[in-house]
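Dear colleague,

Please find below the structure that I am handing over to you.

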Amino acid sequence: MFNLDRWIEIFQTLNKNKLRTILSGFTIAFAILLFTLLFGIGNGLKHFFEREFAGDANNSVYINSGITTKPYKGLQSGRRIQFKNDDTKFINENFEDEIQFFSPNVQRFNVQAVYKGEQNNYTVRGVYPDYQPLESAVIEDGRFLSVLDLKRKSKVVAIGKMVEKDLFGNLSALGKNINLDGISYKVIGVFSDPGGDRDERFIYTPFTTAQGMYRDNDQLDYFGLTYNPKLNVDQALSFSNLLTKMLKEKHNIDPRDQGALRVRNYAEGAKNVQSFMMVLNIIILLIGIGTLIAGVIGISNIMVYIVKERTKELGIRKAIGATPKSIISMIMLESIFVTAVSGYLGLVTGVFVLKAIDKSLEKYFIINPSVETYVVVGATIVLILAGTIAGYIPAKRAARIKPIEALNDE
Amino acid sequence: MIKLKNLHKSYPMGKESLHVLKGLDLHIKEGEFVSIMGSSGSGKSTLLNIVGLLDEHDEGTYHLNGQLIEHLDEKKAAILRNKFLGFVFQSFNLITYKNALENVALPLYYKGLGRKERQKIAMEYLDKVGLREWANHLPSELSGGQKQRVAIARALVTQPKVVLADEPTGALDSSTSHSVMELLKEINRDGMTVFVITHEEDIASETDRIVRLRDGVIISDERTNKKEKV
């Protein structure tokens, strides 16, 4: 294989038969190019879905209350379920292991925020410091709410980037005081959110501050939590089912009542996306393999033709002392060399094309189309195998050619 | 050098089989210059193929350089061809995309010689057939006679025991034919066994011994008196 003389012989043959070499190389390069593009675009689709579901932590669970639709234990339907601080305690105590981040929430819509004559209406949420990872919020400036803020019921806020832009223009909001419904709060942080503009128009204040400000007692609106990332999708679903069951019991809700308590587990969506991605992956894989097989058959055909065309030459070689083995290894090395080189060219072209069309595909739900290293390495190995297979059959046939028949073949 | 005893060969033709060689006995000694004469269908090409290890015989024995030839697999046949035999064909059979020097050097490649050595030896033999200046020309740039000289140089380059020539002048005009035969004679004078197949009487008459073949049997085996003259 690493005999220099043999390679010189092969290069000479390939070089003296340029058209043939280019044609056979083109087949395989084209197949690999298609393969790479397919894989890259498939990955782009995958990236798009990943980003779309990145708005919140994808292990989050939200628990909202509503109005009962069924009478239960002597209680009438149409009863409003109200969460209170003891529910916070209840969840915290019962599911310590399953929960990663947890926050109750008091929410007030259409709060007028004013800073030096600029004003707008926003939703204000009273939350625990844990709410930041729940929302996947990223602090750009300053800090998020702290446990100390919570204890002191401090009048501080963390505002979204869009709020800062609306009220402060290009200036920094950090350390400034803004008025919310007439009460002054100090801005301690500015955050961005992968969920986009909508999620960057929230104002967060400590839960205790908001509860004191917007509620007369210990009522609250909803809970947000993330489950322990060690749980798999099925475990996460059974955790949220158990949580639902226990909360329904606590509030005397019929277990079949769908309206009184709504638990939204992102794991469910994640599961759907996961199976969707799996199907997409299988389709891409099948098409990719199909393309590769077509390429292999193409090159195999060409090799059969090449051997036929070279029958006479091979006959001459045999007459002057070429052994069948040397004929097989010559044809196969030629085939492997052509497939490997042209396949690599196809791969590089594919990667280059993917890079070039990257930005222009975003409106078709394709983001950052690219191929992973292991796909590249895998495809290269497949190529060399393909070259071996494609070369072997015609090489074997070539080795069986009787020199007399070959020489009589005018 | 070549010893054939009761050699038979037939080819299957559908259900029938065509009996081509019907018991040949032939003994060619080292250094002889022999021609096999016969019209087409007489079995002379089949004989050459068997002698040249390009085909196998059915019955009888064949000794090449004292070695009994039987049950050869392709690899052994290839090695023996490379070692003992040099071929010259009617249609030259040069590799079209290799120049004269590379064509001559090719058998040495299969013999396993290094590149530089191959080129050096090949150049010597090209010089011997008078084509040193044409070393870098492709076969398509050479005349018929020149091509056959290249083919002869290629046949000689491995220093075989026997040179087998199948109608070496069949594609050449008479004056070129004559010079090719002169070259073969010269090789023979250097001690090489030369085995020529032809259907042309005047070509055969330039050799030392003429074996006539008809319908698969030898009908005559005579020495030309030329040698006695010399």
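**Findings**

In this predicted model, 21 residues of chain B are in contact with 18 residues of chain A, two residues being in contact if their C-beta atoms, placed from the backbone, lie within 7 Å. On the side of chain B that touches chain A, helix 2 (74-84) and helix 3 (100-111) of chain B each supply at least two residues. Helix 2 of chain B provides the largest share, 6 residues. Helices (H or I, at least four residues) and strands (E, at least two) are DSSP runs, numbered from the N terminus. Sorted by class, this side of chain B has 11 nonpolar, 3 polar and 7 charged residues. Here Ala, Val, Leu, Ile, Met, Phe, Trp, Tyr, Cys and Pro count as nonpolar, Asp, Glu, Lys and Arg as charged, and the others, Gly among them, as polar.

As to conventions, residues are numbered from 1 along each chain as its sequence is written, while chains are lettered from A and ligands numbered from 1 in the order in which they are written. Because the model is predicted, local features need pLDDT of at least 70 and side-chain atom pairs count only at pLDDT 80 or more, whereas totals for chains, interfaces and linings use all residues.

Chain B also contains an open sheet of 4 strands in the order 2-1-4-5, with antiparallel pairing; two strands pair if DSSP finds at least two bridges between them. Its edge strands, each pairing on one side only, are strand 2 (16-28) and strand 5 (67-68) of chain B. Strand 1 (residues 2-13) of chain B is joined to strand 2 of chain B by 10 bridges. Within this pair, Lys9(B) stands opposite Leu21(B).

Helix 1 (residues 44-51) of chain B includes Val51(B). Val51(B) is buried, because 24 other C-beta atoms lie within 10 Å (buried means 20 or more such atoms, exposed 12 or fewer, and partly exposed in between, with C-beta atoms placed from the backbone). Leaving aside neighbours within four places in sequence, Val51(B) is in contact with Ile2(B), Leu164(B) and Phe195(B). Val51(B) and His63(B), 12 residues apart in sequence, are 9.3 Å apart in space, C-alpha to C-alpha.

Again leaving aside neighbours within four places in sequence, Val163(B) is in contact with residues including Gly86(B), Val88(B), Met192(B) and Phe195(B).

Yours sincerely
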